[in-house]
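Thanks for coming, everyone. I'll walk through one chain today, from the overall fold down to single residues. Have a look at it first.

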Amino acid sequence: MVSGDISIHVENNNHYSDLVIMLEGVTTVSMQHEVGVKLQSTQTFLRLSQKTRIDSPGIFPFTFVIPSALPTESCSHVVSDPLVRYAHTALPPSLGGKTPCATESNKTDTLTPNAVQIRYCIKATLQACQQDHEPVLSTIREIYVIPTLSSERPPPAFTPARSDSDKPSQLALEKHKSPMKAQIVRNIFRRKEGRLVSEVLQAGPLTMHLHRQRPTEATIPLRLRYYSDSGVHPRLHNLTISIRASTFFGLSPSPDISYQNQSQQSSVYTKSLHIATQDMSNTTWEATPCLTETDPQIEMKYEALVPVSFSLSPDRPFVPTFHSCVVGRSYELEVRVYYQVGRETIFPRRITTTLPLVITMSNR
Ligand SMILES: [Zn+2]
């Protein structure tokens, strides 16, 4: 609920008639065309209004209830799946510019490109009776909206898989496979030493419900497997955890969740934030004789299970994951393990595993 007062002070007692107070939500996307022309698209996705007939200056209260879902008319374009319409009619968060009380640098919304803005505002317009003499008086106040979890309207159960290929990204959450990355390890003589596999033991994306006041903690299990040709396992140094925020935007509404099949009319802005570093020097490898007969070179299989813990502080500029008609935000968790093999004294090697992350906001 958003409420307040419009106070009208006028020196001359003119005969005013209508005071229109509106709550508007507007998305603006601007893009630079190849030839240097700046293109801008504006979408008003929410408009609530109330009208009061007034005949003298004074204080006029207003109250609006922001719905948890947008009106269906706000998304009337062609969609590839009904789930897309459901996602597009969820309330998007305020995006771009500074968050309220932005005194510290980390409160600035560094994750959103300048080309994208989602703004909510209260607009009051006073219509003068003598329209030939008096101009219309108006005032505007921006409000900051972060949608919180609502039981009446749960968030859409999917997240776009980020792909660099031309194929449209997978829509259904269930199709998401646990991310895994294998890396062939070679020694300084370029001979194969073994194969390292990093895997997050998590079915589907990780969902985090952030709180406005306190940090939110999470632990995910990371499994490392090393198929050794030389009989030794790598030495683990540490791991870093970062969050990669991707802001998808386009000049025209996207028929799907990926925003990627519109070529020049759409873009993605990606930014990573380092979240935590975890020491791994005390991690123990468990050796198991390798039973696979297919690769006779493999001598030993080593396995290590590492609980990766981190917390997200409310100071971080995260908004909930959302996919509106022209702008979307999704997150990925990036776990990077630094390790060394054999007696190498060079810089540690690294292996990166990513996991889709869905962020929701809780008001409790
Ligand atoms: Zn739409």
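The chain has 17 strands and 1 helix. Both are DSSP runs, numbered from the N terminus: helices are H or I with at least four residues, strands are E with at least two. Keep in mind that this is a predicted model: local features need pLDDT of at least 70, side-chain atom pairs count only at pLDDT 80 or more, and totals for chains, interfaces and linings use all residues. Residues are numbered from 1 along each chain as its sequence is written.

Burial next. There are 364 residues, and 27% of them count as buried. Buried means 20 or more other C-beta atoms within 10 Å of the residue's own; exposed means 12 or fewer, and partly exposed is in between, with C-beta atoms placed from the backbone.

Now contacts. A contact is two C-beta atoms, placed from the backbone, within 7 Å. Take the contacts with a separation of 6 or more: 68% of them come from residues 24 or more positions apart.

On to the cores. A nonpolar core is a set of buried Ala, Val, Leu, Ile, Met, Phe, Trp, Tyr and Cys residues, joined through C-beta atoms within 7 Å. The largest one has 41 residues. Which members touch the most others? Val327, Val335, Leu357 and Ile359. The largest share is 7 residues, from β11. Domain 1 (2–66 + 94–143) and domain 2 (168–362) each give this core at least three residues. Those bounds come from an automatic or database domain assignment.

Zoom in on Ile359. Leaving out residues up to four places away in sequence, Ile359 touches Met208, Leu210, Phe318, Pro320, Thr321 and Tyr331. There is also a second, separate core of 6 residues, including Val84, Ala87, Ala90 and Ile257.

Strand pairing. Two strands pair if DSSP finds at least two bridges between them. β10 and β14 pair antiparallel over 13 bridges. In that pairing, Thr219 stands opposite Ser309 in β14. β14 is also joined to β13 (residues 286–289), antiparallel, by 4 bridges. There, Thr288 faces Lys301 of β14.

Why is Ser17 classed as partly exposed? Because 16 other C-beta atoms lie within 10 Å. Ser56 is 39 residues away along the chain, yet the two C-alpha atoms are separated by 9.0 Å.
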